[in-house]
Amino acid sequence: MTQSPTPIHETVREHYAERIKSSASCCGPSDCCSPNNILYPEQLLTTVPTDVSSTSYGCGDPITLASLKPGQTVLDLGSGAGLDCILAAQKVGETGKVIGVDMTPEMIERAQANVKKVNLNNVEFRHGYLESLPVENNTVDVIISNCVINLSPDKEKVFSEAFRVLAPGGKLAVSDIVTDGELPEVIRQSLSAWAGCVAGAVEAKDYIAMMESVGFTNISINPVFFDKQTVDSALDEMKLDVTEYPRDAVYKAVYSAKITAYKPA
Ligand SMILES: C[S@@+](CC[C@H](N)C(=O)[O-])C[C@H]1O[C@@H](n2cnc3c(N)ncnc32)[C@H](O)[C@@H]1O
C-alpha cells in the first residue's frame, strides 16, 4: 500500500528539506535537541568525519541502544543525513546491511554523499514513508530510529509497519520525543512545533499502548532529560508560529526517551 502525503508530511518534508539545504539543524545550529557530544558517547563518533557527525537531527543515541552485532540487517526509520546508518553499518560490518528510509529527497541525497565519504558499501537509502515502508516482510533484525516517529501523523501505522518488516525475535531501538502530561493546546496546534519534534509527541503511556496493540512485547521507555537552557534554545531556534505559551508546561511535559521493544520469536 502506498502512503498519500498528508499536510503534516508536507510541512515536515519542507522543513527538513530546508534544514539540509541550509545545513542548519532541525531546531538549532548544531542538531535537533542538544549537542552531539551529549547524544552520543564521544568514542562512537571518532569513526566518522566531523562534517558527517555534525549533520545530525536526532535526540538520542539509538546505536548504543541497539547493541548491533556483525551480520545483522538494520533498518533506520527517517534516516536523515545518514549518520546513524553509517554508525550502524560500521557495527554490522560487511556481512551485515543497513537500509535507511526517508521521505525527503534532499535528505536521501545528502545521506548518499555522506556514505561515499566514509567508503561503505553496505548501506542503501530508500525514498519512502514510515507509514508504508518500502521493505519486505520479516527481513530486518533491528530497527533503529532517531527523533522521527513523533513526526508521523499516524504513529500506530508506523508501529504496525515496523512490526511487519521485523524478523521474528527482532528488536526495535528508538530515541524519540514523548511527553508526560499535557502540552499547551496552542503548541499542539502549531505546525512549526510539529516539524520541530514537539507538537506531535504523544504521552509515553500512549506510545507503549500503540506498540502493544500491533504486537510488540518487552517494551521499555527510559527518559533522558535535557536541561532547561537546551530546551529553551531549541524552542527559540524552532521559530514557532506561536509566541504566547507557557514555556514551563513544555519543559515539564516534553522529554527524549530511549525506547526498546521486540517482535516475539
Ligand atoms: C528530526 S529528523 C531526524 C533525522 C535522523 N534520524 C537524525 O537523527 O539525524 C526527521 C527525519 O525524518 C524524516 N521523516 C519524518 N517523517 C517521516 C515519515 N512519515 N516518513 C518518512 N520519513 C519521515 C524527515 O524527512 C527527516 O529526514
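Which residues of H5 are buried? The buried residues of H5 are Leu83, Asp84, Cys85, Ile86, Leu87, Ala88, Ala89, Lys91 and Val92. A residue is buried if 20 or more other C-beta atoms lie within 10 Å of its own, exposed if 12 or fewer, and partly exposed in between, with C-beta atoms placed from the backbone.

1. Basis. This is a predicted model, in which local features need pLDDT of at least 70, side-chain atom pairs count only at pLDDT 80 or more, and totals for chains, interfaces and linings use all residues. Residues are numbered from 1 along each chain as its sequence is written.

2. Overall form. The protein has 12 helices and 7 strands; helices (H or I, at least four residues) and strands (E, at least two) are DSSP runs, numbered from the N terminus. Of its 265 residues, 49% count as buried. The C-alpha atoms fill a box of roughly 55 × 40 × 35 Å, taken along the principal axes.

3. Helix H5. Since 9 of the 10 residues of H5 are buried, this helix is largely enclosed by the rest of the structure. Gly93 follows H5 and has a positive phi, near 70°.

4. Ligand shell. The ligand is surrounded by 28 residues, the closest being Gly58, Gly78, Gly80, Thr104 and Asn146; a residue is near a molecule if its C-beta atom, placed from the backbone, lies within 6 Å of it. Helices H1 (7–21) and H5 (83–92) each supply at least two residues of this shell, and the largest share, 4 residues, comes from H1.

5. Sheet. The 7 strands of an open sheet stand in the order E3-E2-E1-E4-E5-E7-E6, with mixed pairing; two strands pair if DSSP finds at least two bridges between them. E3 (123–127) and E6 are at the edges, each with a single partner strand, so one side of each is left without a neighbour in the sheet.

6. Strand pairs. E1 (residues 73–77) and E2 (residues 97–102) run parallel and are joined by 5 bridges; Val74 stands opposite Val98 in E2. E6 (residues 217–224) is joined to E7 (residues 254–262) by 6 bridges, and these two run antiparallel. Ile259 in E7 is the bridge partner of Ile221.

7. Is E6 covered or hardly covered? E6 is hardly covered: among its 8 residues, the count of buried residues is 0.
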